[in-house]
Amino acid sequence: MNKKKFLGFTSLVSLSFGLMVGCSDDSNPGSAIDNSQAQANACAAFGDYYTSIAETGETMCYDAAGNLAFWINADGSYGFPVDEAGSPSAYIPQVASSSSIATEAGLSSAANTGLSSAGTAVPGISSSSVQGQVVPGVSSSSVGGTTPASSSAYVSESNGNAPAIAYATTGATVTNNNGCVTVTGGEVVITCAGDYDFSGSYKGADAQIRVNSPKADSGVYLNLRGLTLENTVDAPIYVQQASKAFVVAKKETVNTLTDAATRTKTFTYQNAKGETKVDTTAATIYSKDDLTIKGAGTLKVTGNANNGIHSANDLRFRGETIVTVNAKNNGVKGKGSVQIGSGTLTITTTEGDGIKSDECTENASGECTAIIAGKGYVEITGGSITITAADDGISAVNQVRINENDGAVSMKITAGDGQPDKNSSGGSGFGGGMGGFGGGNWGRPGNSGNTGTTGSTTTTDISSKGIVAADSIIIEAGSVEIAAHKDAVHSNGYVDVRGGNLKLSGRNSIHADEAITIYDGTIYMPESYEALEAKQIIAKGGVTASNSSNDGWNASAGGEQRCSNCKVEVTGGVHYVHVGSGDTDGIDSNGDIKISGGVMVVECEISGGMGGSFDSDGSASITSKTVLGFSKSRSEAGTSYNVSFNTSGYYGNSNIAFKPTTSGSYIQATSQPSAVSNVSSYAKSTALPNGLTVYYNN
């Protein structure tokens, strides 16, 4: 019988029904592995058959050679290919006669819908002529080595596997070419969507994987299966154009990508709008479109020229990938956004930021003048992240948000030398001081408007903040540890702490030009010049403990002595503030102070000047019964009692007791304080993150 192959993998395109079989869970989500389990098992139940799903819903079953054996219609009936004479093909699965396919198939049965005597009615696809045969969904121009226009016309080899590109000393070779892979030495160009496997090792001026796939296509998946690629003049991975691009580090593989230290090469191409673009790669992995890093393997990236991983649009991290980035400038940059949902990231930079997103409206000088809604943000919803950055740890022109919507978050950031700048003249602000939006070039390297000392070197125009954003920073959950030369957390707008376990060391532990609001969470601020600084500091809950060389909480508006809308307001939570000697204040407001709830303990080692535990340039209302201030002099706000205290015992009243770490002569409270002999009489206690404990009734 002369058999006719209507739908073999020799001619099958990667249609919308998806045909890549045997892919792991970190491969193309359009592949057969992602179809329902019932559909996947429908073919396998009759033997060693591969599965794909037609765009009209039929389950297509292929043998090991990639030939169409049969298909299962949506109503449960079956269809089969036919030979040249219109007779049933020998590619019928051998099953027991009692099975439904044996009894139902009958080959001449009406159940075999979608089957004509000419054999042309294959489900879900139209026919065209290739090599004299009727082959579904493939135009004659898409075979014979001609590059197809889109993924709906790419041809796979007969064994049903994804194209595989292997690197060796002489360059790259490709097997299972789908007609969308062109290899020239070590240069691999991909022109349509699908899965592509890469392995081997190569170093050279042509060591590059370049993607230029029409944006109408689905995604391009670069599956790294043990790849070491070093480009000596350019970037090893460059996505010029794609609907979405995915770099997948496959499970149990280690993949290493390294770029050149300089760039002299330019690329000219047409984008999706038909515009001619001239481009230079700006990172080791450089994408002009959306880029996702995923997989369960290891990815090592070295950016010798500029950035490590860069997307001109959105950059996402998914899966349990272990990613290590060492970059000269920014480690990870998504101009539109950076979204991290899982994985382990270790990022080190020698000049720039760890993680950066900076899409905004710019003026002629390249300075950001307006935030674009939905752009320029960093969102972390899971994963373990370690950043050692010469400049800012995380920088966004819009918002930084941290929560645990996708899993646990563990983050450790070192910015600059990690030693807080406690110089009284040290700068602050996103781009050169408080004052908000126009305050500089949004923390870009060389334009951050700060001067300080990092180690033994004086650094000019280096921001060196832990987390910095122009609009807002919202921390809802996670373990976050930051050691920064400048501010640990800094926003030109607002900072909200709604949860999490934070350890923050910096010039300011938290700074906001507008407001800091603490709803919940634990914040430990072991070392700072000033712990909290904003026009408004509002504590509605949470547990905080801070240690500052100057003021503890400072509600101010830049250099203004009096600020009509500045305030410190405490209505809940448990808070401890310690400030060093000099003209220092524990709680200092250039406007009002209102403490009507919560627990507040202040230790102020003031020596000279005026202020003390509580200092207000506006009104002061301290009515919470669980407030204590320990000072060497009277406090300007609140009621001061002349009570000598030392470090040997507890002091307070019937509402609150605390064992001070300093000695002095005045205690601020809402009722007469004295020595407390027994703290067991208090109903509640809170262990602070610095190891101290406060006892209270409320």
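Trainee: What is the mean pLDDT of the protein chain?

Mentor: This is a predicted model, so pLDDT, the predictor's confidence in each residue, comes before anything else. The mean for the protein chain is 81, and 75% of its residues reach 70 or more. Over residues 1-26 the pLDDT stays under 50, and the model has 111 contacts beyond four places in sequence for them. Residues 29-38 are also below 50, with 15 contacts beyond near neighbours in sequence.

Trainee: In what order do the strands of the open sheet stand?

Mentor: The order is β59-β56-β57-β61-β60, five strands with antiparallel pairing. Because β59 (674-676) and β60 each have a single partner strand, one side of each is left without a neighbour in the sheet. On average, neighbouring strands of this sheet are turned by 30° against each other, direction ignored.

Trainee: Over how many bridges do β60 and β61 pair?

Mentor: Over 4 bridges, in the antiparallel sense, with β60 covering residues 684-687 and β61 covering 693-696. Within this pair, Thr686 stands opposite Val694 of β61. The hairpin has 5 residues between the strands, and Gly691 there takes a positive phi near 95°.

Trainee: Which residue stands opposite Tyr651?

Mentor: In a regular strand the side chains alternate between the two faces of the sheet. As for the residue you asked about, Tyr651 faces Phe658 of β57 across the pairing. Strands β56 (residues 650-652) and β57 (residues 656-658) pair in the antiparallel sense over 2 bridges.

Definitions and conventions. Residues are numbered from 1 along each chain as its sequence is written. This is a predicted model: local features need pLDDT of at least 70, side-chain atom pairs count only at pLDDT 80 or more; totals for chains, interfaces and linings use all residues. Side-chain values use heavy atoms; hydrogens and water are left out. Two strands pair if DSSP finds at least two bridges between them. pLDDT is the predictor's confidence in each residue, from 0 to 100. Contact means heavy atoms within 4.5 Å. Axes are lines fitted to C-alpha atoms, for helices over the stretch in contact, and angles run from 0 to 180 degrees between N-to-C directions.
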